[in-house]
Amino acid sequence: MNSNLLNILRRLEDHEIVPTGDIITDGKKHRIHILGDKQGSQNGEYRFNGNSGYFKCYKRDAYIRFRKTAPILSNSDLNDYRKEQEFRSKQALVKKESATRHAEKLANSIIDQSKPADRHSYIAKKQVRPHNLKLYKETYLIMGLQDVNGKIHTIQYIYPDGRKRFLKNGKIKGNFHLIGGS
């Protein structure tokens, strides 16, 4: 891979910007997906004529301008870069899945250590029933989030003052807390 191109891509990585898809060097503005962002989003923008241009990421509030002579991207260079990024992406996915499994084990352990919540300042303030909430360390209300099969994937802490926090790395999407069930 050409060293100038590699330097540009590395500089983008320093700002957590890894463009996916083809980079067109026609000097026109193009929107592009940034690796790690929601699938289908196009939070990135670039304009590149093969010699100079810029890359911008709206999500990360980053703007990188290139004034040095840069090579026109060859298919070979782009394929090499994509293979490298695909490998890194797979490594990151494995790490994330491991963290999610750890959070799931921790969530179940916390629920096992908790007792049914019959009194808590949050419940009293809201004037509601506890609906399968648990009390952890006599302070936090714990709400387990489960899938359709009843498997707990994460928890949400509810503090006495009403603040709510999910367990770090827990799987939230696609899960719910069952009210009125067992």
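Helices (H or I, at least four residues) and strands (E, at least two) are DSSP runs, numbered from the N terminus. This is a predicted model, in which local features need pLDDT of at least 70 and side-chain atom pairs count only at pLDDT 80 or more, while totals for chains, interfaces and linings use all residues. Residues are numbered from 1 along each chain as its sequence is written, and side-chain values use heavy atoms, leaving out hydrogens and water.

**View B. The largest nonpolar core.** Such a core is a set of buried Ala, Val, Leu, Ile, Met, Phe, Trp, Tyr and Cys residues joined through side-chain atoms within 4.5 Å. This one has 16 residues, and Ile 8, Tyr 46 and Phe 66 are among those with the most contacts inside it. Helix 1 (3–14), strand 2 (44–48), strand 3 (53–57) and strand 4 (62–66) each give two or more residues to this core.

**View C. Asp 37 meets Lys 59.** Their side chains form a salt bridge at 3.5 Å, N to O (a side-chain nitrogen of Lys or Arg within 4 Å of a carboxyl oxygen of Asp or Glu). Asp 37 is buried at 7% relative accessibility, whereas Lys 59 is exposed at 54%.

Technical notes
Buried < 20%, exposed > 50% of the residue type's maximum accessible area, 1.4 Å probe, protein only.
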